[in-house]
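Hello,

I am handing over the structure below, and my notes on what was found in it follow. Please read them with the model open.

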Amino acid sequence: MSNNWQQKVEEYCERYNIPMLYLVETLYDPKVVPMIRGKGFEFSVMTILQEILPKNEWKVSKATMNEEISFHDTDIRVFHKRTGKVIRVEC
């Protein structure tokens, strides 16, 4: 994440019309928490795979929207550099 995460949060709130004063309350809403936890878990899995797989052999990334459209259940993309094979991980 960039060094200016506060600015990104402010821009996000402005873009989606979320009052900064109520951002935390919004995040703790029982309807919102499961989605945030699920997305957070995807980033946790990506980070763990990046740490345990040798970087010279593997590239691990969060699946982009285009990949998710083509492969509905893809959360993490694991690319084997030597063979070009892609492993799609659903969290």
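**The tyrosine pair**

Tyr-12 counts as partly exposed, at 46% relative accessibility. The cut-offs are these: buried means under 20% relative accessible area, exposed means over 50%, and partly exposed lies in between (1.4 Å probe, protein chains only). Tyr-16 is also partly exposed, with a relative accessible area of 48%. A search of the whole structure finds one aromatic pair. Tyr-12 and Tyr-16 form that pair, which is tilted, at 4.8 Å centre to centre and 50° between the planes. Rings of Phe, Tyr and Trp (its six-membered ring) pair if their centres lie within 6.5 Å; planes under 30 degrees apart count as stacked, over 60 as edge-to-face and the rest as tilted.

**Source and conventions**

This is a predicted model, in which local features need pLDDT of at least 70 and side-chain atom pairs count only at pLDDT 80 or more, while totals for chains, interfaces and linings use all residues. Residues are numbered from 1 along each chain as its sequence is written, and side-chain values use heavy atoms, with hydrogens and water left out.

**Overall layout**

The protein has four helices and three strands. Helices (H or I, at least four residues) and strands (E, at least two) are DSSP runs, numbered from the N terminus. From the N terminus on, the elements run α-α-α-β-α-β-β. Of the 91 residues in the protein, 18% are buried. Among contacts with a separation of 6 or more, 19% are between residues 24 or more positions apart; contact means heavy atoms within 4.5 Å.

In the loop between α1 (5–15) and α2 (23–27) is Asn-17. Its phi is near 55°, a positive value in a residue other than glycine. Asn-17 counts as exposed, at 69% relative accessibility.

**The sheet**

The three strands form an open sheet in the order β1-β2-β3, with antiparallel pairing. Two strands pair if DSSP finds at least two bridges between them. The edge strands are β1 (58–62) and β3 (86–89), each of which pairs on one side only. From one strand to the next, the twist averages 15°. Axes are lines fitted to C-alpha atoms, for helices over the stretch in contact, and angles run from 0 to 180 degrees between N-to-C directions.

β1 and β2 run antiparallel and are joined by five bridges. Here Lys-62 stands opposite Ile-76 in β2. Strand β2 (residues 76–80) is joined to β3 by four bridges, and these two strands also run antiparallel. Phe-79 stands opposite Val-86 in β3. β2 and β3 form a hairpin with five residues between them, and Gly-84 in the turn has a positive phi of about 80°.

Helix α3 (residues 33–52) lies across β1 and β2 and runs at about 170° to β1. The largest nonpolar core has six residues: Val-45, Met-46, Leu-49, Val-60, Ile-76 and Val-78. A nonpolar core is a set of buried Ala, Val, Leu, Ile, Met, Phe, Trp, Tyr and Cys residues joined through side-chain atoms within 4.5 Å. α3 and β2 each supply at least two residues of this core, and α3 gives the most, with three.

Met-46 lies in helix α3 and is buried, with a relative accessible area of 13%. Leaving aside neighbours within four places in sequence, Met-46 is in contact with Val-60, Ser-61, Lys-62 and Ile-76. Met-46 and Asp-75 are 29 residues apart in sequence and 8.9 Å apart in space, C-alpha to C-alpha.

The charged end of Lys-62 sits over the ring of Phe-43, 5.6 Å from its centre. A charge sits over a ring if NZ of Lys or CZ of Arg is within 6 Å of the ring centre and within 35 degrees of the ring normal.

Regards
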